[in-house]
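Here's a short tour of one protein model, written for someone who is new to looking at structures. Have the sequence and the 3D view open, and follow along as we go.

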Amino acid sequence: MSSSRRSAADPPRPVTISHIARTAGVSVPTVSKVINGRAGVAPGTRARVESLISEYGYRKSGPPAGGTTIELTFAQIGDVPGIELIQGVQQVARRHQLGVVLSGSGDDPGRHWLDQAVSRRSLGVVAVAQLDADEQDQLRRHAIPFVVVDPTHELPDDVPYVGATNWSGGRAAVRHLLRLGHRRIATVTGPGHVLSCRARFDGHRSALEETGLTGRPTLVTRQELTREGGRAAADDLLARPDRPTAVVTGNDLQAVGVYQAVRAAGLRIPEDLSVVGFDDLPVAAQLDPPLTTVHRPLGQMAVTATELALALGRGERPARTGIELATTLAVRHSTAPPAA
């Protein structure tokens with residue numbers, strides 16, 4: 001290696017595809033095309049990348065060529081939205097005659113799922129919620145493309161992801177309640193470090209500010225995105241002398257907990273309290289009364305992420321690698337004008 005390239009700032013071996021891409025000033029898919037001998041790279045660019053590959057002594061390890069599987073990994077494999085995400089990945093896999101391997105990275109501190117994905121020469125990884133930096137780097141080393149679905153944390157610009165318009169969904173939920181005449185609107189939100197929770201809450205606040213309401217701090221409570229979290233929040237809100245006439249929750253599971261608290265307090269939905277959820281899980285339409293909620297297209301998010309991972313594996317360079325799909329409000333029977 002020339003002295004001009006070698007420096008204390010160079011990464012330890014083995015060098016990664018992402019480092020070669022940054023050094024060459026090209027994308028990771030472009031480097032992948034050169035490594036795998038694919039067309040679609042300008043001669044000058046190919047020569048520059050090949051020179052760096054030779055100079056760094058990069059060796060392709062476990063390429064996905066010839067693989068027959070897509071990996072779908074969850075931070076927690078028991079997550080409730082999982083069924084729709086699994087179905088979305090399976091839809092694309094069937095179309096391409098591929099298998100789907102399901103794993104839970106949160107229950108696998110040794111990252112065995114990653115070793116197995118490499119040994120299977122997987123065509124791509126669809127990761128729900130998050131992939132840490134080490135996992136991302138290992139996948140790049142082995143030329144396995146990956147896409148994060150519904151990321152919980154901020155991602156580097158070069159990490160492809162598929163999410164939803166959480167901010168506009170949160171705003172739509174509160175606007176709906178405002179149009180019905182509600183002014184004492186409580187917000188049950190989730191952990192502050194979760195991107196989607198922050199975006200939804202900011203959307204709630206924006207809708208209130210548009211109407212001249214700033215939102216009462218006492219009507220905002222933060223809980224886990226679980227039925228138990230929703231129940232605890234609602235128990236507190238309903239015990240107050242100025243209890244809210246409506247509540248928006250961080251997700252549908254919290255809304256289920258609100259339903260339980262309302263019934264335990266001898267109150268009714270929507271006569272005494274209007275409730276709006278978020279996600280539109282199957283349980284939302286099965287509640288009594290059916291829940292008004294913000295529909296998040298989880299199945300289509302999974303389809304989009306899987307197609308994106310396969311496209312990256314083919315060396316294609318999509319127009320966008322950060323995609324947000326639209327949310328819509330599904331109005332059912334858990335919301336009504338406040339009692340006079």
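Let's begin with helix H9, which covers residues 227-238 and so has 12 residues. From its first C-alpha to its last, H9 reaches 16 Å, close to the 16 Å expected at 1.5 Å a residue. Keep in mind that this is a predicted model.

Which residues of H9 are buried? They are Gly229, Gly230, Ala233, Ala234, Leu237 and Leu238. Look down the axis of H9 and you'll see those buried residues fall within an arc of 145°, so they line one face of the helix. There's a general rule to remember here: an α-helix has 3.6 residues a turn, so residues three or four places apart point the same way.

And what do the buried residues of H9 pack against? Their partners are strand E6 (185-189), strand E7 (220-222), strand E8 (246-249) and helix H10 (252-264).

Now for some strands. Strand E4 (residues 146-149) pairs with strand E5 (residues 161-164) in the parallel sense, over two bridges.

Next, a few backbone angles to look up.

| Where | Feature | Angle |
|---|---|---|
| Ile269 to Pro270 | cis peptide bond | omega near 5° |
| Asp288 to Pro289 | cis peptide bond | omega about 0° |
| Arg121 | positive phi | phi near 55° |
| Asp150 | positive phi | phi about 55° |

Where do these sit? Pro270 lies in the loop between H10 and strand E9 (274-279). Pro289 is in the loop between helix H11 (282-286) and strand E10 (292-295).

As for the positive phi values, Arg121 is a residue other than glycine, and Asp150 is not a glycine either. You'll find Arg121 in the loop between helix H5 (112-119) and strand E3 (124-128). Arg121 is partly exposed, with a relative accessible area of 38%. Asp150 takes us back to the strands, as its place is in the loop between E4 and E5.

Conventions:
Residues numbered from 1 in each chain as written. Predicted model: local features only at pLDDT ≥ 70, side-chain atom pairs only at ≥ 80, totals over all residues. Heavy atoms only, no water. Pairing = 2+ DSSP bridges. Helix = DSSP H or I, 4+ residues; strand = E, 2+ residues; numbered from the N terminus. Expected span 1.5 Å × (residues − 1). Buried < 20%, exposed > 50% of the residue type's maximum accessible area, 1.4 Å probe, protein only. Arc of directions from axis to C-beta. Contact = heavy atoms within 4.5 Å.
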